[in-house]
Amino acid sequence: MLSKESSRFSFRQNLGLHTLVSAPLAVASSIPSPLGCDSFDITFTPRPFSGMQNLGKQSSEPFTPRQKDLKAQLQLPSLQTYPIPPNSSADEKEEVRTEKLLAMYHDFALDLHTGMYLTQLTSNRDYSDIHCQLMEDLTTLKLDQSNGRIIEFPLTNVSKVYRIVKNDDKWYSAGTPLPNATPANTEQIVVVEFMRRKLAFVFKDLQTSQRFLICMELLIRRAQQKQALRSLTPAFPPPGAGPSRQCPTPRLVHDAMSRPTPSPGSAGKRDDGTLRLDAFG
């Protein structure tokens with residue numbers, strides 16, 4: 001039997017500003033299934049991101065108008081060299097690699113916009129499942145730690161993204177040969193570093209971590225380039241750049257209405273009735 005709907009307060013932190021917001025509390029079922037699929041939660045379903053089965057397939061087409069709009073906004077940022085996706089190789093043509101990279105980028109961004117659960121490695125080396133979602137502006141990452149705190153991380157504030165490897169409680173940089181490495185005791189850690197905080201995401205296989213690293217870096221570069229473009233665009237056009245759009249004030253309207261209208265045939269005449277020399281061309 002369902003309980004009555006109640007409300008709770010969630011703590012929201014954004015750029016050091018704390019805002020107390022009220023959010024509805026979901027109604028719990030009498031048969032809880034925290035590890036199973038919730039029919040009302042579209043973010044807890046298996047996704048192509050969670051495995052390698054979709055790396056070699058074509059990109060899934062967006063099926064909603066909103067997803068089509070988001071896909072149209074997700075263009076690759078300007079880079080001197082583009083990374084090679086995990087399902088491609090350096091022997092392929094550049095056009096083929098770019099097409100696969102764009103398809104992987106679109107799938108990842110749409111999945112992240114819908115929301116996905118990831119494993120986070122905390123500062124005290126604990127593992128916690130968090131819900132990550134890319135917000136509507138496609139430049140802010142929202143993390144829900146399931147403890148009443150929702151934290152927003154602007155991607156424009158990311159300083160760097162890198163991957164490290166954990167093997168038998170020892171840490172190695174990416175590409176370092178691992179002694180006696182087995183998939184059971186090896187973890188791929190992708191670190192998203194901000195100025196004052198680091199987010200570490202844990203993955204079990206290499207290709208999934210590479211996909212997350214590449215696509216996250218593309219989203220970060222896109223957000224930073226859009227911010228740089230906005231900073232170069234003046235908020236107000238310079239004088240003379242276009243027609244004047246000054247809003248008429250009541251004083252201007254009164255002066256215009258009280259100004260005498262010249263009668264026909266009086267143009268070019270002085271007050272005494274004589275003609276001005278500049279009245280004719």
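Select Leu138 to start: this residue lies in the loop between strand S4 (127-134) and strand S5 (140-144). Helices (H or I, at least four residues) and strands (E, at least two) are DSSP runs, numbered from the N terminus. The model is predicted, so local features need pLDDT of at least 70 and side-chain atom pairs count only at pLDDT 80 or more, while totals for chains, interfaces and linings use all residues. Residues are numbered from 1 along each chain as its sequence is written, and side-chain values use heavy atoms, with hydrogens and water left out.

Stay on Leu138. Its phi is near 60 degrees, a positive value in a residue other than glycine. Leu138 counts as buried, at 1% relative accessibility (buried is under 20% relative accessible area, exposed over 50%, partly exposed in between; 1.4 Å probe, protein chains only).

Next, select Ser146, in the loop between S5 and strand S6 (149-154). Phi of Ser146 is also positive, near 60 degrees, in a residue other than glycine. Ser146 is exposed, with a relative accessible area of 59%.

Now select helix H1 (residues 65-73) and helix H2 (residues 94-114), which pack at an angle of about 130 degrees with their axes 10 Å apart. Axes are lines fitted to C-alpha atoms, for helices over the stretch in contact, and angles run from 0 to 180 degrees between N-to-C directions.

Finally, show the side chains where the helices meet. H1 contributes Gln67, Leu70 and Lys71, and H2 contributes His106, Leu110, His113 and Thr114 (contact means heavy atoms within 4.5 Å).
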